[in-house]
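Thanks, everyone. Let me put the model on the screen, and then we can walk through it.

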Amino acid sequence: MVRVPRKNRWSGPIAPLLLVAVMAPVRAFDAAAPQLYELTTETGMPHLEENLRYANTTRRQCLALSQLTIAFPILRHPALEGCKLESERREPQSLSYQLVCSGGHGTTGAAVWHLGEHRIRGTLDVKLGGKNMTFFQRITAIPLGKCP
């Protein structure tokens with residue numbers, strides 16, 4: 001008896017449609033022009049005293065998918081000079097990055113962005129090299145419309 005291999009039911013004309021459906025949230029955000037968002041930024045430093053652990057700010061800013069690697073304000077702080085988010089990994093509704101720092105100071109970290117239709121949220125976790133100090137910065141972005 002000769003066996004004829006069965007065709008995979010996921011191949012054929014439906015496969016490209018499934019791929020588009022899975023990647024739609026990331027692509028829709030990527031293809032769009034920058035949008036105006038209300039950004040709430042929370043910075044948490046668990047090693048500090050209770051009343052100094054958290055700082056929150058709110059601002060309005062135009063933001064596009066290509067800018068998510070530089071959206072965290074803490075990346076502009078002198079302590080993180082030479083650090084940037086790289087090695088993008090895309091999933092259907094999220095993007096993740098590794099924090100890469102030059103200069104050999106041993107700082108490490110990672111960021112994850114969750115992309116929703118009505119909100120995007122990113123969290124950057126950092127461990128400063130040479131110190132036993134960790135902190136995070138979380139951004140919640142609510143779309144307000146087109147950029148002016």
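From the N terminus on, the elements of the protein chain run α-β-β-β-β-β-β-β. That comes to one helix and seven strands. Both are DSSP runs numbered from the N terminus: helices are H or I with at least four residues, strands are E with at least two.

Ground rules next. This is a predicted model, so local features need pLDDT of at least 70 and side-chain atom pairs count only at pLDDT 80 or more, while totals for chains, interfaces and linings use all residues. Residues are numbered from 1 along each chain as its sequence is written, and side-chain values use heavy atoms, with hydrogens and water left out.

Now the totals. The protein chain has 148 residues, and buried ones make up 30%. Buried means under 20% relative accessible area, exposed over 50%, partly exposed in between, with a 1.4 Å probe and protein chains only. Take contacts between residues at least 6 apart in sequence: 47% join residues at least 24 apart. Contact here means heavy atoms within 4.5 Å.

On to the core. Which residues touch the most other members of the largest nonpolar core? They are Leu68, Phe72, Leu80, Leu85, Trp113, Ile120 and Leu124, out of 26 residues. Two or more residues come from each of strands S1 (35–44), S3, S4 (94–101), S5 (108–115), S6 (120–128) and S7 (133–146). A nonpolar core is a set of buried Ala, Val, Leu, Ile, Met, Phe, Trp, Tyr and Cys residues joined through side-chain atoms within 4.5 Å. Leu124 touches, among others, Phe72, Leu85, Ala110 and Phe136, not counting residues up to four places away in sequence.

Next, aromatics. A search of the whole structure finds one aromatic pair. Phe72 and Trp113 form it: tilted, 5.2 Å centre to centre, 40° between the planes. Phe72 lies in the loop between S2 (54–63) and S3, and Trp113 in S5, so the pair ties together parts that are 41 residues apart in sequence. The cut-offs: rings of Phe, Tyr and Trp (its six-membered ring) pair if their centres lie within 6.5 Å; planes under 30 degrees apart count as stacked, over 60 as edge-to-face, the rest as tilted. Phe72 is buried, at 0% relative accessibility. Trp113 is buried too, with a relative accessible area of 0%.

Ser87 sits in strand S3 (residues 83–91). Its phi is near 55°, a positive value in a residue other than glycine. Ser87 is exposed, at 55% relative accessibility.

Gly129 is in the loop between S6 and S7. At 19% relative accessibility, Gly129 counts as buried. Gly129 and Thr107 are 4.0 Å apart, C-alpha to C-alpha, and 22 residues apart in sequence.
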